[in-house]
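Morning, everyone. Please take a look at the model on the screen, and then I'll walk you through it.

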Amino acid sequence: MKIRPDALIFLGVDVRPQVSGFFVWGCAPLILLQCCCSSCSDNLSAASTSFHLYASNLLFLPCMENFSKDGVLAMPLSRRAISIGFLLNFTWEHDAWFLPTYQVVQNFIIPSTAELKKPYVNLLDPELHGQVKVFISHAWSNPFGLLVAAARKFISDCDSKVSKHDCFFWLDIFAITQHGGLFQAEELAQLEDTVLEADTTLVVLDPSCGIPLQRIWCIFEIFITIEQGTYGKLKVRVGDVSMGGDFLPCNDGEVLRRLAASVNIEGANATVPSDSERILARIATMTSAMESGRKGIKEVDRKLQRAVRQGWT
């Protein structure tokens, strides 16, 4: 058995590695050993020759979630972006234009993937997904059609070099398994790298509340984008969706300034409370400003607010 040098991982600290062959669980302390091997017949003793596991009650389990039906390793998170054609067809087929995104997940995504518990993108033909070009940051409580219309408008606004046939949009509900558990945690741990690999981060806001700017994950995605330092990568679009599925942009500068001013990383919401703690800790490691306490946090807030205003232009 060949074990990767970075295979020993403490749960809750790092589940970043993208390739998993087998899981070895332990208690006292609880650890996760991820290892790549050439055969399912390899056993625990082979792993023990490379690592001393200070744990009891070890359980050796094959991890099949990271393999497709034919045994091929699952596609990287950054290659799970979808085409605009699929996105439009899905929305029309399911009459999902004005459903909140969380309801789209509950009604269509989860039932369709319940048997294999894989990301929805695994169900698609190869030509319908590809390497991320545009990372969409959005709120699940907003109408699903709003982000679809914004994606279509993004392509129409781009120059002729951007083709709808090779512009793939990364959208969490299709790219990440919606069945919870360790595999979802692994995928979320790769989110930062996925944002970095995208050419554009497209933030889709409703004009009334700008809900994504109140969500810790969306704020984190914006923060990652601007810390990368690529000028013009962050695009902010504020608007509504028409009955015909068109994006209706809000061109009121005062509305955008009000929404941008609402960014407050300490007050941002998270469905899972522990996400806020982890994300704030990660932001702290990426900037020295957070070391100066509340004053530093406000400085980061102002940086995010400026980025949102500039991304709207």
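Strands here are DSSP runs of E with at least two residues, helices are runs of H or I with at least four, and both are numbered from the N terminus. This is a predicted model, where local features need pLDDT of at least 70, side-chain atom pairs count only at pLDDT 80 or more, and totals for chains, interfaces and linings use all residues. Residues are numbered from 1 along each chain as its sequence is written, and side-chain values use heavy atoms, with hydrogens and water left out.

Back to the bridge. Strand 5 (residues 81-83) and strand 8 (residues 168-170) pair antiparallel, over 2 bridges. Two strands count as paired if DSSP finds at least two bridges between them.

Now a helix. Helix 2 (residues 84-93) packs on the sheet and touches strand 5 and strand 8. Contact means heavy atoms within 4.5 Å. The direction of helix 2 makes about 75 degrees with that of strand 5. Axes are lines fitted to C-alpha atoms, for helices over the stretch in contact, and angles run from 0 to 180 degrees between N-to-C directions.

What is the strand order of the whole sheet? It is 6-5-8-7-9-10-11: 7 strands, an open sheet, mixed pairing. Strand 6 (129-130) and strand 11 (247-249) are the edges, each pairing on one side only.

Look at strand 9. It joins strand 7 by 4 bridges, and the two run parallel. Val134 stands opposite Thr200 in strand 9. Strand 9 also pairs with strand 10, parallel again, over 5 bridges. There, Val203 has Val236 as its bridge partner. How many residues of strand 9 are buried? 6 of its 6. Buried means under 20% relative accessible area, exposed over 50%, partly exposed in between, with a 1.4 Å probe and protein chains only.

Last topic: rings. A search of the whole structure finds 13 aromatic pairs. Rings of Phe, Tyr and Trp (its six-membered ring) pair if their centres lie within 6.5 Å; planes under 30 degrees apart are stacked, over 60 edge-to-face, the rest tilted. Phe86 and Phe174 are edge-to-face, 5.3 Å centre to centre, with 80 degrees between the planes. Phe86 sits in helix 2 and Phe174 in helix 5 (residues 172-175), 88 residues apart. Phe86 counts as buried, at 9% relative accessibility. Phe174 is buried too, at 0%. Both belong to one aromatic cluster, whose members include Phe90 and Phe144.
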